[in-house]
Amino acid sequence: MSDEKNLSDDLNDMLGDAKEGAKKAAGKAGEFADDAKEKAKHIADEAKETASEFADSAKETFASGGENKKILAGILGILFGGLGVHKFILGYNKEGGILLGATLIGILLSCVGVGLLIVWVPGVVGFIEGIIYLTKSDEEFYNTYQVGKKPWF
């Protein structure tokens, strides 16, 4: 019976050691999970902050450059389209020079009669472009004419 008691005691000791080891492992796993959750939360917070900064920067860039030039270029295109002022505002110097040159040549040739047609065409082009500029959304205008550099219509 003493051998059975010793065996029983040994088994109880082994069982106790196993329980203690399992508790330690569970505690370490819990600590690891808590650390992982904390790190994941920190990374998510940093990602949200970076996305917010990017969105704010894009809004500032867009608001400062997109809408103001859109409205200014649109109104100048409608009022002074034949002179190409709206093209110069957007940085299209060659296209603005073409409209201005066509208008000046038309004025010089107006005594012949064909000059009136030459003056009329750049004015209509500027008028149409002014309306197109004002009817586009701010984002579409910015992407098309300021980033994409589309010179005509």
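Read along the sequence, the protein chain follows the pattern α-α-α-α-α. It holds five helices and zero strands. Helices (H or I, at least four residues) and strands (E, at least two) are DSSP runs, numbered from the N terminus. The model is predicted: local features need pLDDT of at least 70, side-chain atom pairs count only at pLDDT 80 or more, and totals for chains, interfaces and linings use all residues. Residues are numbered from 1 along each chain as its sequence is written, and side-chain values use heavy atoms, with hydrogens and water left out.

Of the 153 residues in the protein chain, 20% are buried. Buried means under 20% relative accessible area, exposed over 50%, and partly exposed in between (1.4 Å probe, protein chains only).

Helix H4 spans residues 114-135. Its 22 residues reach 32 Å from the first C-alpha to the last, close to the 32 Å expected at 1.5 Å a residue. That expected span is 1.5 Å times one less than the number of residues. Gly115, Pro122, Val125, Gly126, Glu129, Gly130 and Tyr133 are buried in H4. They cover an arc of only 135° around the axis, which puts them on the same side of H4. The arc is that of the directions from the helix axis to the C-beta atoms. The face turned away from this buried side carries the exposed residues Leu116, Trp120 and Thr135.

Thr103 sits in helix H3 (residues 93-108). It counts as buried because its relative accessibility is 6%. Leaving aside residues up to four places away in sequence, Thr103 touches Gly82, Leu83, Val119 and Pro122. Contact means heavy atoms within 4.5 Å.

The whole structure contains three salt bridges. A salt bridge is a side-chain nitrogen of Lys or Arg within 4 Å of a carboxyl oxygen of Asp or Glu. Lys70 pairs with Asp138, the closest N and O atoms being 3.0 Å apart. Lys70 lies in helix H1 (residues 2-80) and Asp138 in helix H5 (residues 138-147), so the pair ties together parts that are 68 residues apart in sequence. Lys70 is buried at 9% relative accessibility, whereas Asp138 is partly exposed at 23%.

A salt bridge also joins the side chains of Lys87 and Glu129 (2.8 Å, N to O). Lys87 belongs to helix H2 (residues 85-90) and Glu129 to helix H4, so this pair ties together parts that are 42 residues apart in sequence. Lys87 is buried at 0% relative accessibility, and Glu129 is buried at 0%. Glu140 and Lys136 form another salt bridge (3.5 Å, N to O).
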